[in-house]
Amino acid sequence: AALVVARGRLMQALPAGGVMVAVEATEEEVVPLLSEGVSVAAVNGPTSLVLSGVEHAVLAVTGGLGGRRVKRLRVSHAFHS
């Protein structure tokens, strides 16, 4: 229980303005596009990633993917970043 409380406290301490976006792309396609404030939060499959970070920076990366499917996740902070 103490671990769950500590994790929740740390998650809420993240700065506001963060987003997470699921993208249909390979890690090899996305990593060269990453910039300050954007991280690969999860690799869910060969062509399924989640990006996390500052909103404008994450949207700039997804905009460089040329029409790939992207879905903004409904989260309160940029977890895993």
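The buried residues of H3 are Ala57, Val58, Val61 and Thr62, where buried denotes a relative accessible area under 20%, exposed one over 50%, and partly exposed the range in between (1.4 Å probe, protein chains only). Because these four residues cover an arc of only 135 degrees around the axis, they lie on the same side of H3; the arc is that of the directions from the helix axis to the C-beta atoms. On the other side of H3, His56, Ala60 and Gly63 are exposed. The model is a predicted one, in which local features need pLDDT of at least 70 and side-chain atom pairs count only at pLDDT 80 or more, whereas totals for chains, interfaces and linings use all residues. Residues are numbered from 1 along each chain as its sequence is written, and side-chain values use heavy atoms, with hydrogens and water left out.

The secondary structure of the protein chain comprises three helices and four strands, arranged along the sequence in the pattern α-β-α-β-β-α-β. Helices (H or I, at least four residues) and strands (E, at least two) are DSSP runs numbered from the N terminus. Of the 81 residues of the protein chain, 30% count as buried. The chain exposes about 5,200 Å², of which carbon and sulfur atoms supply 58%; accessible areas come from the Shrake-Rupley method with a 1.4 Å probe, and for residues only the protein chains shown count as cover. Among contacts (heavy atoms within 4.5 Å) with a separation of 6 or more, residues 24 or more positions apart account for 62%.

The strands form an open sheet of four in the order S2-S3-S1-S4, with antiparallel pairing; two strands pair if DSSP finds at least two bridges between them. Strand S2 (38-45) and strand S4 (70-72) are the edge strands, each pairing on one side only. From one strand to the next, the twist averages 25 degrees. Helix H3 (residues 55-63) packs on this sheet and touches S1, S2, S3 and S4, its direction making about 145 degrees with that of S3. Axes are lines fitted to C-alpha atoms, for helices over the stretch in contact, and angles run from 0 to 180 degrees between N-to-C directions.

Strand S1 (residues 18-23) and strand S3 (residues 48-54) pair in the antiparallel sense over six bridges. Within this pairing, Gly18 stands opposite Val54 in S3, and the bridge partner of Val19 in S3 is Gly53. S2 and S3 also pair in the antiparallel sense over six bridges, with Val43 opposite Leu49 in S3, and a hairpin of two residues joins S2 to S3. Five of the seven residues of S3 are buried, so this strand is largely enclosed by the rest of the structure.

The largest nonpolar core has twelve residues, including Val19, Val30, Val38, Leu51 and Val61. A nonpolar core is a set of buried Ala, Val, Leu, Ile, Met, Phe, Trp, Tyr and Cys residues joined through side-chain atoms within 4.5 Å. S1, S3 and H3 each supply at least two residues of this core. Val19, located in strand S1, is buried with a relative accessible area of 4%; Val19 and Ser52 are 33 residues apart in sequence and 5.8 Å apart in space, C-alpha to C-alpha. Val61 touches Val30, Leu33, Leu34, Val38 and Leu51, residues up to four places away in sequence not being counted. The buried residues of H3 pack against S1, helix H2 (27-30), S2, S3 and S4.
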